[in-house]
Every structure is written in structure tokens, then in C-alpha cells.
Amino acid sequence: MVTAEFEPETFLWNRLISLYVKCSSLEDARQVFDKMPQRNTCSWNVIISGYTRSGRIVDAHGLFDQMPERDAISWNAMITGYAQNGYSKESLELFGDMQHGGEKANEFSFASVLSSCGDLAAAHEGKQVHAYIVKTGFEFNSILLNAMVDMYSKCRNMESARQLFDNICERDVISWTAMIAGYAQSGHAEEALKLFCRMRSEAMRPDVVVFPIVLSASANLAALRHGMQVHGYIIRSGIESNVFVGSALVNMYSKCGCTMDASKVFGNMSEKNVVSWNTMISGYAQNGHAKEALQLYDQMTQAGTKPNYVTFIGVLSACCHAGLVDEGRSYFNSMISDHHIQPRADHYACMVDLHGRAGCLNEAEKLINSMPFETDGVVWGALLGACRIHGNLELGKHAAEHLFKLEPKRAGPYKLLSNIYASVGRWDDVAKVRNEMKDKGVLKEPGYSWIEAGNKVHTFVREDRSHPQTDDIYAKLNELFGKMKAAGYLPDMDFVLHDVEAEHKEKNLFYHSEKLAIAFGLISTPPEVPIRIMKNLRVCGDCHTAIKFISRFEKREIIVRDANRFHHFEAGLCSCQDYW
């Protein structure tokens with residue numbers, strides 16, 4: 001074209017630009033664009049699309065601003081480019097400008113702006129876009145129906161998402177994945193698992209994207225049986241080698257208390273990335289296997305995988321749960337000096353917790369005072385928890401005051417401070433804390449425990465009598481209570497308020513949610529199967545003692561996952577060695 005003795009038509013110049021763009025030769029495409037004797041709107045659109053596809057979004061917008069005349073393709077290219085490159089706010093703003101300019105959106109710009117609304121959790125704007133889609137007659141477009149399901153799911157409006165989903169005549173794997181992800185990410189793990197089962201029953205073949213989502217839901221519920229079924233499907237599908245699927249399997253088994261299974265999956269992974277290593281290290285740490293967690297960290301660095309800030313949260317947690325103070329200090333310093341990772345609030349919280357549990361409360365306080373940024377509730381909460389363990393009233397009050405300011409509506413700090421007062425017999429102060437909670441409208445978070453049995457999740461609260469097998473559950477619990485008292489068990493009244501009658505104190509303690517869940521597990525599962533209990537709060541000291549007795553009498557392994565860590569009870573002992 002350059003050497004020919006004729007001037008090419010504009011459409012040929014545009015084809016040449018398009019060729020260079022498709023070959024990822026943007027520099028050549030721009031040179032051709034700049035040399036064109038005259039350009040039309042197509043010329044501008046082609047070069048702008050090239051820039052947006054390659055991520056050089058600032059250059060694309062610079063050209064967009066220079067355009068003498070813009071059409072719908074120009075606007076849609078920029079809106080889509082912003083959305084695809086993570087500039088959700090700018091994509092949404094440009095979509096508004098486009099509407100004011102009178103240009104019509106197409107299905108691609110609608111899909112992009114819906115994605116931006118979801119990323120920003122902009123529910124109000126998302127509804128407006130939905131209304132505009134209906135107005136322009138695109139409401140039955142399959143691409144946009146999926147995009148709207150995804151948008152509503154990310155905005156935690158599951159009712160609207162499900163309504164749209166149920167109205168899709170021909171659902172594809174994208175529809176199912178968007179809906180399942182929405183349930184999983186908005187805290188409805190059980191609904192996510194039910195929908196996945198329905199997806200399979202309707203002969204819809206899942207793709208590789210949905211498996212980590214479903215495994216995460218199984219992990220959050222500790223639904224081991226369901227997670228194992230998914231694992232079997234993954235093996236049959238031939239995608240077990242996928243690094244993201246493998247990491248999700250490691251996470252699922254770890255959060256179900258099955259570290260041996262998690263380790264086996266991890267060992268069989270042909271490819272490992274930093275997420276894989278982090279997941280296994282954290283799994284070991286949360287299950288009380290500090291030695292294995294630290295050994296795996298060494299293997300990770302020797303394998304040439306560079307640790308990140310998440311890696312050290314797992315490593316420091318391992319040290320914390322095992323009381324390895326010197327080792328924790330060493331890893332904390334190494335993170336800064338050897339790996340040039342600046343500590344975040346989570347790292348300081350681990351270090352405060354590490355020193356606090358070990359009784360080094362002054363060092364824990366010094367760490368907080370040395371933090372180079374504003375302290376948050378996680379750090380002060382770690383200090384307050386340590387003060388509860390060691391009965392340090394003055395420092396506990398100091399930590400609680402900070403938490404009351406940072407998290408005025410959270411009940412945990414009030415409860416911990418109340419427990420510190422109770423431990424030293426200052427009942428008037430206990431009453432003051434309770435009254436302060438009442439005056440400020442602070443509601444205590446109810447404790448509940450759950451167990452998977454018979455392909456169903458069974459949930460219990462304290463003194464719960466709503467379960468169909470209530471009579472059998474209480475009969476089993478009372479039988480255990482008698483055996484335990486005969487063996488020397490004494491209820492720990494520190495975990496009951498002093499103004500409760502003595503008889504009710506014992507009932508209050510012994511009918512805690514985790515004990516009810518364990519009793520149900522004992523009467524509803526085979527003797528050789530471990531009992532796996534999950535609790536939303538930290539297990540109390542009395543329950544910890546009681547479960548040790550139960551594991552000995554019943555000759556059963558009992559695994560309890562609370563808000564902080566795992567406890568593996570067997571033959572009257574706990575994996576935490578009573579250091580928790």
C-alpha cells in the first residue's frame with residue numbers, strides 16, 4: 001500500500017489498523033492512524049477499541065475526547081473498556097453521559113454497566129439500568145438476563161436475582177453459576193448447595209468456575225459429605241489438576257477439620273501457586289498443627305514461591321495457637337527485613353494475640369503503641385481477649401474503651417469486659433456493663449452451633465427444644481451429665497451470671513448449643529464416624545472441659561470449629577492442649 005502509486009480508500013486504512021490491533025501491534029496501528037489523510041468514525045472506533053482491549057484505557061479516553069463525532073459504537077467501546085479494566089465508577093459515569101447525549105446503548109454496553117453496578121454494589125443504579133433495559137426492549141436478551149442476575153446477586157438482593165433466574169426459559173451454565181455465586185457470597189451457603197444439586201439434576205454440566213464456589217460454600221457450612229460428593233464429580237470431570245479447583249478442595253477439607261485429606265489433595269497438585277500454599281498453611285494453623293504449618297512455609301520458600309501478606313497471617317496464626325512467641329517474633333521480623341512486606345492490622349493482631357495468650361501483656365500493649373497506622377477493632381479485640389484469659393482488669397478496661405468507640409454496637413467487647421469483672425467478683429460492675437449495653441441498644445449476638453447429618457444441616461441454640469428429636473437429645477445429654485459428675489466434672493460457673501439460681505446455672509451451662517449438637521451427633525451417626533460441630537462464637541471454657549469428658553466416655557473423635565480455631569477432642573484430650 002505504501003509503495004503503490006494510488007491513494008488507498010479510507011476503508012483500507014481502517015482494515016490495516018484493525019489488522020495491527022488484532023495482532024496486538026498497537027504502536028503500528030497508531031502510526032497508521034496518525035498518517036491517514038482523512039478519518040471517519042470507524043477509524044476512531046477501531047483504534048479506541050484496540051486501546052481498551054489492551055488495557056491502556058487512558059490513551060483510549062484521550063482519543064475519545066478528540067473525536068469530532070461520536071456514535072453508539074464509540075460510547076459502547078469506552079463504557080465496555082472501562083468496565084473490563086476495573087474502572088467501574090468511570091464506566092457508570094460514562095453510561096450516564098451517553099444517555100444525556102441521546103445515544104442508544106446496546107447489549108454489550110448494558111452488560112458492561114450492569115457488571116460495574118455489581119462491582120460497586122450500586123443497587124439503586126442497577127435497578128435504573130434494569131428499568132432502562134425493559135424500556136428499550138432488551139429484557140429477554142439472554143446475555144442481559146445473566147448480567148442482571150449477577151448484578152443483583154453482587155448487590156445482595158437475592159430475591160430479585162432469584163426472580164429473574166426463575167424466569168429465564170433456557171438457563172445456561174452462566175445463569176446457574178451467577179445464581180450459585182450470589183447465594184454463596186451473600187452468606188446463604190445452604191441455598192448455594194441446594195441450587196448446585198438442582199443444576200446437576202437438570203443435566204446442566206458445571207464448568208470449572210462453579211466448583212471453587214460450591215466448595216467454598218461446603219467449607220463455610222463444614223458440609224463434608226457434600227464437599228466429598230463434589231470432589232468425586234471433579235475427579236470424574238477430569239479437572240482435579242486445575243490449580244484453583246485444587247486450592248478450593250484444600251480449603252474445603254481444612255475447614256471441615258480433615259487436614260490429612262487436605263494435605264493429600266495438596267500433595268497431588270501438579271501446579272501450586274501462592275494461594276495453594278497459603279491455603280494449606282492456614283489449614284494446618286487453624287487445626288492446631290503449628291509444626292506442619294511452619295515446615296510447609298519453609299518448603300514454599302525453598303520451592304521458589306514468593307510469600308505474600310496472607311502467607312504470614314497463616315504463619316503467625318500457627319505460632320499464636322501453639323504459643324511459639326520467639327518463633328513468631330522471628331517470622332514477623334523476617335516478613336519486614338527479608339520479604340519487604342509491610343505489616344497490616346491483621347499481622348499486628350496476630351502478634352498481640354501471640355504475646356497476650358502467653359501472658360506477655362506489656363509487650364502486647366507496646367506492639368499496639370508502635371503501630372505505624374491507626375489501630376482497629378481486631379487489634380484491640382486481641383488484647384481484650386488476652387486480658388480475659390489472664391484477668392488483667394485495668395488493661396482490659398483500657399482495651400474495651402477503645403473498642404466501645406470503634407465498634408459501639410458490637411456486643412463482644414461488653415461481654416469480655418463483663419467476664420473480666422465476674423472473674424474477680426466485681427458483680428456490681430458486671431451489672432453496670434449489662435445496663436450500659438441495654439441503654440445503648442447493644443444486642444448480644446446469639447450463639448448457635450450446627451452439624452451436618454443425613455444430608456441436612458441441623459442448627460441449635462442454647463436450651464433449644466425445636467428439634468424433632470429433642471427428647472432423645474436431652475435424654476442423651478442428661479445421661480452424659482450424670483457420668484461426667486460421677487467422674488469429677490464440676491460446671492464452671494464463671495460462664496454464668498451470678499444472679500441466676502444455682503439449679504438454672506447448671507442447665508444454662510449444660511444445654512449450650514454445642515453440647516446439644518454433640519448429643520444429636522451421638523444418637524444420629526454411626527459410632528466410628530467423627531462428630532463435626534461448628535459454632536459461630538468462641539467455645540466457652542465449660543463446654544471445652546465437658547467435651548473432653550464426652551470424647552472419653554463415648555470413645556468418639558469430636559471436632560469443633562469455633563470462631564477462632566479448631567479443637568480436635570479424642571480420648572479426653574484436645575489438640576489445643578488447653579492453650580487457647
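Guide: Two strands pair if DSSP finds at least two bridges between them; strands (E, at least two residues) and helices (H or I, at least four) are DSSP runs numbered from the N terminus. The model before us is predicted, with local features needing pLDDT of at least 70, side-chain atom pairs counting only at pLDDT 80 or more, and totals for chains, interfaces and linings using all residues. Residues are numbered from 1 along each chain as its sequence is written, and side-chain values use heavy atoms, leaving out hydrogens and water.

Visitor: Happy to begin with the strands! Over how many bridges do S4 and S5 pair?
Guide: Strand S4 covers residues 558–561, and strand S5 covers residues 566–570. The two form a hairpin, with 4 residues between them. Their pairing is antiparallel, and the number of bridges is 4.

Visitor: Which residue of S5 is the bridge partner of Ile-559?
Guide: S4 and S5 pair in the antiparallel sense. Across that pairing, the partner of Ile-559 in S5 is His-568.

Visitor: How many residues of S5 are buried?
Guide: Buried means under 20% relative accessible area, exposed over 50%, and partly exposed in between, with a 1.4 Å probe and protein chains only. By that rule S5 is mostly covered. Of its 5 residues, the buried ones number 4.

Visitor: Which residue of S6 does Phe-569 stand opposite?
Guide: S5 also pairs with strand S6 (residues 573–574), in the antiparallel sense over 2 bridges. In this pairing, the residue opposite Phe-569 is Cys-574.

Visitor: Which residue takes a positive phi in the hairpin of S5 and S6?
Guide: This hairpin has 2 residues between its strands. A positive phi near 55° is found there, and the residue that takes it is Ala-571.

Visitor: Now for helix H10: within what arc do its buried residues fall?
Guide: H10 runs over residues 158–167, and Met-158, Ala-161, Arg-162, Leu-164 and Phe-165 are buried. The arc is taken from the directions running from the helix axis to the C-beta atoms. Seen down that axis, the buried residues line one face of the helix, because they fall within an arc of 165°.

Visitor: And which residues are exposed on the other side of H10?
Guide: One face of H10 carries the buried residues, as their arc shows. The other side has the exposed residues Glu-159, Gln-163 and Asn-167.

Visitor: Which helices do the buried residues of H10 pack against?
Guide: Contact here means heavy atoms within 4.5 Å. Among the buried residues of H10 are Leu-164 and Phe-165. The helices that the buried residues pack against are H8 (123–135), H9 (142–154), H11 (173–185) and H12 (189–201).
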